[in-house]
Amino acid sequence: MELICKCGDDCIKSTNIISESFKSHFKPCDNCKEYKFKKYSPLKIQIELKQLDANFGKCNCGKRHLDVVMAHILKIMIVEGIKTEESTLRDVGVPLITPAYPLDEVPYLSENSLVILSKEMDKKCAEKIINEVPEVKGVLKGDLKNTVGIKDSNSTPYTYDLLGGCDLRCDIINTPWGIIFIYKYQGQMHIELPKPLSPKIIHLKKVLDKYDNPKVLDCTCGPGTLGIAALLAGANRVVFNDVWYPASYTTAMNLEINDFPTEYLGTKKGLIATGDNFEVYCMDIKDLIKVLDDSFDICLIDVFPGVDSTSFIEAVESLCLEVVII
Ligand SMILES: C[S@@+](CC[C@H](N)C(=O)[O-])C[C@H]1O[C@@H](n2cnc3c(N)ncnc32)[C@H](O)[C@@H]1O
Ligand SMILES: [Zn+2]
Ligand SMILES: [Zn+2]
């Protein structure tokens, strides 16, 4: 599968390059300054920005403190009339760094390392942010409270609007079998921030430990994290499935990115991609049983919070030895 970002740029980096650099990616150099911006009180942005030098807070190493970048964005939003002088840094929106992994310190950002999700935004302001704030690679309009994608078969899909730049970002997931790189177009995929060791991965390990090279059905695969982890752990075969096409496509992309050569079939329904010992489907879980001719050791069901998993279990229980609700 060819790995070219929808935007045409080289947003998908080689995993070797990220592996070598991600731990130092957001660390300040010895010359980077510390900033203490007030996040919850009205920014009074002119006063705060006076702390900054002619380089607008950018160190010679090319990085800027996250708060300085957010203040820069807020300043543009105020000029564009989207925010007022009374707005605080918290009002800007959600900063989604890329590549993301759990950090102990506030990150110092380099170019194209931030996607902004903001409830109030318009196209002109988004484009101005992309042009003037080098750290920002994409600007999305949407509400963090709404889950992106399809919650279950009966719900209407929700997506964030990409108003400027590119929203492809990468989450770095630590697993007992190695690091996994999960890329996603964040406007079409739900936000799931990496934790030092994800409870889902811990749960998966407990299940996989009971089997030798199991066959796994990842029924609601999202961007593919659990099934890819299972392949790394030595699963004999993994079938991925999601009802939301952007999720199934993202899984296919992430398989290729994580060195599982993948053939994308160009379809948007049913079987969409294949590899040596895996397939990727885009189907409602209730219909999947009609097309699968295999049985599995484990069926993984991971639904969004608040979604009842009963119908998911009923749909697949005859296919496997064990249904696992993650
Ligand atoms: C919590 S997410 C899965 C996250 C994924 N396991 C991971 O670790 O990244 C839930 C997924 O269930 C999918 N889903 C919802 N209803 C479905 C259905 N009826 N059939 C198949 N997938 C469904 C959603 O599209 C979403 O991607
Ligand atoms: Zn891109
Ligand atoms: Zn520096």
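Figure 1. The centres of domain 1 and domain 2, taken over C-alpha atoms, are separated by 33 Å. Domain 1 covers 15-168 and domain 2 covers 199-325; these bounds come from an automatic or database domain assignment. The model is predicted: local features need pLDDT of at least 70, side-chain atom pairs count only at pLDDT 80 or more, and totals for chains, interfaces and linings use all residues. Residues are numbered from 1 along each chain as its sequence is written, while chains are lettered from A and ligands numbered from 1 in the order in which they are written.

**Figure 2. Where the domains touch.** In domain 1, 7 residues are in contact with 9 residues of domain 2 (contact: C-beta atoms, placed from the backbone, within 7 Å). The side of domain 1 that touches domain 2 has 1 nonpolar, 4 polar and 2 charged residues. Ala, Val, Leu, Ile, Met, Phe, Trp, Tyr, Cys and Pro count as nonpolar; Asp, Glu, Lys and Arg count as charged; the others, Gly among them, count as polar.

**Figure 3. The shell around ligand 1.** Ligand 1 is surrounded by 22 residues (a residue is near a molecule if its C-beta atom, placed from the backbone, lies within 6 Å of it). The closest are Thr-220, Gly-222, Val-243, Trp-244 and Ile-285. By class, the shell holds 10 nonpolar, 6 polar and 6 charged residues. Both domain 1 and domain 2 give residues to this shell, so ligand 1 lies between them.

**Figure 4. The whole fold.** The protein has 9 helices and 15 strands. Helices (H or I, at least four residues) and strands (E, at least two) are DSSP runs, numbered from the N terminus. The radius of gyration is 21 Å, close to the 20 Å that the globule rule gives for 326 residues, so the protein is as compact as a globular protein of that length. That radius is taken over C-alpha atoms, and the rule is 2.2 Å times the number of residues to the power 0.38. Along its principal axes the C-alpha trace spans about 65 × 40 × 35 Å.

**Figure 5. The sheet of 4 strands.** The order is β2-β4-β5-β6 in an open sheet with mixed pairing (two strands pair if DSSP finds at least two bridges between them). At the edges stand β2 (94-97) and β6 (161-165); each has a single partner strand, so one side of each is left without a neighbour in the sheet. Neighbouring strands are turned by 25 degrees against each other on average, direction ignored. Strands β2 and β4 (residues 114-118) run antiparallel and are joined by 4 bridges. Ile-97 has Leu-114 of β4 as its bridge partner. Helix α4 (residues 123-132) lies across β5 (136-141) and β6, at about 40 degrees to β6. Axes are lines fitted to C-alpha atoms, for helices over the stretch in contact, and angles run from 0 to 180 degrees between N-to-C directions.

**Figure 6. Two loops with backbone exceptions.** Most residues other than glycine have a negative phi, and most peptide bonds are trans. The bond from Thr-98 to Pro-99 is cis, with omega near -5 degrees. Pro-99 lies in the loop between β2 and β3 (108-109). Asn-112 has a positive phi, near 55 degrees. Asn-112 sits in the loop between β3 and β4.

**Figure 7. The sheet of 7 strands.** This open sheet runs β11-β12-β13-β10-β9-β14-β15, with mixed pairing. Its edges are β11 (263-264) and β15 (320-325); each has a single partner strand, so one side of each is left without a neighbour in the sheet. Strands β9 (residues 215-218) and β10 (residues 237-241) run parallel, joined by 4 bridges. Asp-218 has Phe-240 of β10 as its bridge partner.

Key:
Two residues are in contact if their C-beta atoms, placed from the backbone, lie within 7 Å.
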